[in-house]
Amino acid sequence: MPKVLYVEDDELLRMVTSLALEDAGYAVVEAHDGHQARRLLDQEGGFDFVISDISMPGGMSGLEVAQAAQAARPGCRTILVSGYATSQLPALPDSVIYLGKPFRVQDLIDTLGAAG
């Protein structure tokens, strides 16, 4: 079962999306911000996917989470989501897949399937 670290500061969105990902066959570990995500990457590692909002409170962005994920496990596939257009965001690394908000959960599941 592929292991996903899902980083989202909106509690309701995080809960609903995590349930849908679990129903689709993923083992999901949740984080509410970048700092918690970083701790989980250090403690658990071994994630097949990291899904993170780009803009989060607490001073650690999704881009930093993506970099930490790559450092913890090279080859970890990272999907960054944002309500901002890509033209409004800093340049994303080639290893990152971008998914715009709002998205349907099925779009996220399809993106995971294509990335895997």
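**Helices, strands and a ring pair**

Start with Thr78: once you set aside its neighbours within four places in sequence, Thr78 is in contact with Val50, Ala66, Ala69, Gln70, Ser95, Val96 and Ile97. Contact here means heavy atoms within 4.5 Å. Before going on, a word on what you're looking at. This is a predicted model, where local features need pLDDT of at least 70 and side-chain atom pairs count only at pLDDT 80 or more, while totals for chains, interfaces and linings use all residues. Residues are numbered from 1 along each chain as its sequence is written, and side-chain values use heavy atoms, with hydrogens and water left out.

Back to Thr78. You'll find Thr78 in strand 4, which covers residues 77-82. Helices (H or I, at least four residues) and strands (E, at least two) are DSSP runs, and they are numbered from the N terminus. Is Thr78 buried or exposed? Thr78 has a relative accessible area of 1%, so Thr78 is buried. For the cut-offs, buried means under 20% relative accessible area, exposed means over 50%, and partly exposed is in between, using a 1.4 Å probe and protein chains only.

Now hop over to strand 3 (residues 49-53), where Ser52 sits. With a relative accessible area of 0%, Ser52 is buried. Which residues does Ser52 contact, leaving aside its neighbours within four places in sequence? They are Val7, Gly62, Val65, Ile79, Leu80 and Val81.

Next, look at how the helices pack. Two packed helices are described by the angle between their axes and the distance between the axes. The axes are lines fitted to C-alpha atoms, for helices over the stretch in contact, and the angles run from 0 to 180 degrees between N-to-C directions. Take helix 2 (residues 34-43) and helix 3 (residues 62-72): the packing angle is about 0 degrees, and the axes are 10 Å apart. That is why helix 2 is roughly parallel to helix 3. Angles under 35 degrees count as roughly parallel, over 145 as roughly antiparallel, 65 to 115 as roughly perpendicular, and the rest as oblique.

Where do these two helices touch? Helix 2 brings Gly34, Ala37, Arg38 and Leu41, and helix 3 meets them with Val65, Ala68, Ala69 and Ala72. Sorted by type, the residues of this contact between helix 2 and helix 3 come out as six nonpolar, one polar and one charged. The sorting goes like this: Ala, Val, Leu, Ile, Met, Phe, Trp, Tyr, Cys and Pro count as nonpolar, Asp, Glu, Lys and Arg as charged, and the others, Gly among them, as polar.

If you skip residues up to four places away in sequence, Arg38 touches Met60 and Ala68. Arg38 and Ala66 are 28 residues apart in sequence, and C-alpha to C-alpha they are 9.6 Å apart in space.

Helix 1 (residues 11-23) and helix 4 (residues 105-115) make another pair, with axes that come within 10 Å and cross at roughly 50 degrees. Helix 1 and helix 4 are therefore oblique to each other. The crossing of helix 1 past helix 4 is right-handed; a crossing is left-handed if the near helix is turned anticlockwise from the far one by less than a right angle, and right-handed if clockwise. Thr17, Ala20 and Leu21 in helix 1 face Val105, Leu108, Ile109 and Leu112 in helix 4, and these residues meet. Here the contact of helix 1 with helix 4 splits into six nonpolar, one polar and no charged residues.

Most residues other than glycine have a negative phi, and most peptide bonds are trans. The peptide bond from Lys101 to Pro102, though, is cis, with omega near -5 degrees.

Finally, the rings. How many aromatic pairs does a search of the whole structure find? The search finds one. The rings of Tyr26 and Phe49 have centres 6.0 Å apart and planes at 80 degrees, so this pair is edge-to-face. Rings of Phe, Tyr and Trp (its six-membered ring) pair if their centres lie within 6.5 Å, with planes under 30 degrees apart counting as stacked, over 60 as edge-to-face and the rest as tilted. Because Tyr26 lies in the loop between helix 1 and strand 2 (27-31) and Phe49 in strand 3, the pair ties together parts that are 23 residues apart in sequence. Both Tyr26 and Phe49 are buried.
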